[in-house]
Amino acid sequence: MSTKVKLECHEANHICDKNQYQEATLLEKIRLSFHLLYCRACRTYTANNNKLTKAINSPKVHTVSTDEKNALKEKLAQQLGK
């Protein structure tokens, strides 16, 4: 089995996405780590991907209640009506 060590950016991004869902193999993770050593764009992509994952999985997500939503709608309608 021969695999190239160097990745192109689109391959690195794909592995990063797979890693986000724990679907990347150990070899893919190693190849991604080497790529991230020299590619600033992919490091940024990976960092943003990690931030997004943490934000989505955060238990601190607050949603607006129905009453609050209706109050905001009324306030917006009043301001648009002026």
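**Exercise 1. The cysteines**

Is Cys-39 buried or exposed?

*Solution.* Some ground rules to begin with. This is a predicted model, where local features need pLDDT of at least 70 and side-chain atom pairs count only at pLDDT 80 or more, while totals for chains, interfaces and linings use all residues. Residues are numbered from 1 along each chain as its sequence is written, and side-chain values use heavy atoms, with hydrogens and water left out.

Step 1: pick the cut-offs. Buried means under 20% relative accessible area, exposed over 50%, and partly exposed in between (1.4 Å probe, protein chains only).

Step 2: apply them. Cys-39 has 10% relative accessibility, so it counts as buried. Cys-16 is buried too, because its relative accessible area is 5%.

Step 3: look for bonds. A disulfide is a covalent bond between the sulfur atoms of two cysteines; here the test is a pair of cysteine sulfur atoms within 2.5 Å. That rule gives zero disulfides. Cys-39 is in none, as its nearest cysteine sulfur, in Cys-42, is 3.6 Å away. For Cys-16 the closest cysteine sulfur also belongs to Cys-42, but at 8.4 Å that is too far for a bond.

**Exercise 2. The core**

Find the residues that make up the largest nonpolar core.

*Solution.* Step 1: set the rule. A nonpolar core is a set of buried Ala, Val, Leu, Ile, Met, Phe, Trp, Tyr and Cys residues joined through side-chain atoms within 4.5 Å.

Step 1: collect the members. There are nine: Leu-7, Ala-12, Ile-15, Cys-16, Ala-24, Leu-32, Leu-36, Cys-39 and Cys-42.

Step 2: sort them by element. Helices are DSSP runs of H or I with at least four residues (strands are E runs of at least two), numbered from the N terminus. Helix H1 (9-20) and helix H2 (26-38) each give two or more residues to this core, and H1 gives the most, with three.

Step 3: zoom in on one member. Leaving aside neighbours within four places in sequence, Cys-16 is in contact (heavy atoms within 4.5 Å) with Leu-32, Tyr-45, Thr-46 and Asn-49.

**Exercise 3. Helix H1**

*Solution.* Step 1: the expected span is 1.5 Å times one less than the number of residues.

Step 1: list the buried residues of H1, which are Ala-12, Ile-15, Cys-16 and Gln-20.

Step 2: recall the geometry. An α-helix has 3.6 residues a turn, so residues three or four places apart point the same way.

Step 3: find the partners. The buried residues of H1 pack against H2 and helix H3 (40-57). Gln-20 has a relative accessible area of 19%, so it is buried. Gln-20 touches Asn-49 and Thr-53, not counting residues up to four places away in sequence.

**Exercise 4. Helix H3**

Which residues of H3 are buried?

*Solution.* Step 1: they are Cys-42, Thr-46, Asn-49 and Thr-53. Seen down the axis of H3, these buried residues fall within an arc of 60°, so they line one face of the helix.

Step 1: turn to the other side of H3, where Arg-40, Ala-41, Lys-51 and Lys-54 are exposed.

Step 2: see what covers the buried residues of H3; H1 and H2 are included.

Step 3: run the length check. The 18 residues of H3 should span 26 Å, and the end C-alpha atoms are 26 Å apart, which agrees.

Notes. Arc of directions from axis to C-beta.
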